[in-house]
Amino acid sequence: MANAPIGRVALVLAGLLGAAATVLVYNSYHRDITLARERVSIGGQVAQTPCGPIEYATAGDGKPVLVVHGAGGGYDQGLDFAKTLVDGGFRVIAMSRFGYLRTPLPSDPSAAAQADAHACLLDVLGIEKAAVIGASAGSPSSLQFALRHSRRCTALVLLVPAAYVPRPDGGASMQTPAGTAFLFDTALRSDFLFWAARKLAPQTIARAILATPPAILEMAPEDEQARVAQVLDHILPISPRRLGLVNDVAIISSLPRYELERIGVPTLVVSTADDLFGTFDTARYAAEHIPRARFVSYPSGGHLWVGHQKEVTSEIIGFLQ
């Protein structure tokens, strides 16, 4: 009988510890999500265009460069990437594509409609021509911009592009790393679940969402690890990006072949051989069929070209200059 009070005390202590852990987790999540929501609410503005409301931000002075973000992004992802371009003397225009942050998803959210929206935004900003950088899932609309608005596109950069390539087995152009579909149906549906997965399973997130082999991240220098961490941190808040993600998946799952041979602007295409999304093949194919395009590849680095950030930005700045 003497053990009964001890057992009750142990249960009470366990309950108190569990409650304390829950409070700590909640407070940590609440702090991070509040900061994330504040960050995206103050950095951009919404332009009313003939193509609908488009959220955007600008930075720097000089030749205009339209930065078209990838999946999970928004204008903030574009600005993060474009810091070196601003330092290189360019004026960067970063927008939130359809379904991301404060740019609503219209009835026609296709890559062609997105390209027209890019032109609409440039109209509102009074920019006649601009170079375009399309990263990952931002590549389809960037290619369409170069085709549909060719006189307004001065140069085209495709980074790890989500684009068409004929596969020997007739499979999809883009490949899906293990766990991506599961995370899309779980963690990418909820701010809290994504936050928790980011904290508890960073290697899984890096492989499934960033399509980068974990070993590459482990060997990367501190500044590159910090860059990757920022990319993941800035996916929060995920909830106002969810519609854009769903739309990107729909577009990428059935990529058609565009008339690459009609692209007449200088083009730079960049990818890595170990990108788990398979963009090395899509990039090489695009470079082979766009007249006079230049293909720059690296043997490793994954979807975020980890370990080659300085080289990639130097290539882009030299190309645009």
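A: Helices (H or I, at least four residues) are DSSP runs, numbered from the N terminus. This is a predicted model, in which local features need pLDDT of at least 70 and side-chain atom pairs count only at pLDDT 80 or more, while totals for chains, interfaces and linings use all residues. Residues are numbered from 1 along each chain as its sequence is written, and side-chain values use heavy atoms, with hydrogens and water left out.

Q: How many cavities of 30 Å³ or more does a search of the whole structure find?

A: On a 1 Å grid over the protein atoms alone, a cavity is a set of points where a 1.4 Å probe fits but cannot get out; lining residues have an atom within 4 Å of a point. Grid points are joined across faces, edges and corners, and a volume is the space filled by probe spheres set on the points. Here the search finds three such cavities.

Q: Which residue classes line the largest cavity?

A: Ala, Val, Leu, Ile, Met, Phe, Trp, Tyr, Cys and Pro count as nonpolar, Asp, Glu, Lys and Arg as charged, and the others, Gly among them, as polar. The lining of the largest cavity has 10 nonpolar residues, no polar and one charged. Among them are Pro140, Tyr164, Arg257 and Ala286.

Q: Which helix gives the most to the lining of the second largest cavity?

A: Helix α3 (residues 111-125) does, with three residues. The lining includes Ile54, Arg97, Phe98, Gln114, Ala117 and His118. By class, four of its residues are nonpolar, four polar and one charged.

Definitions and conventions
1 Å grid on protein atoms, 1.4 Å probe; cavity = no way out; pocket = protein on both sides within 12 Å on 5 of 7 lines; lining within 4 Å. Helix = DSSP H or I, 4+ residues; strand = E, 2+ residues; numbered from the N terminus.
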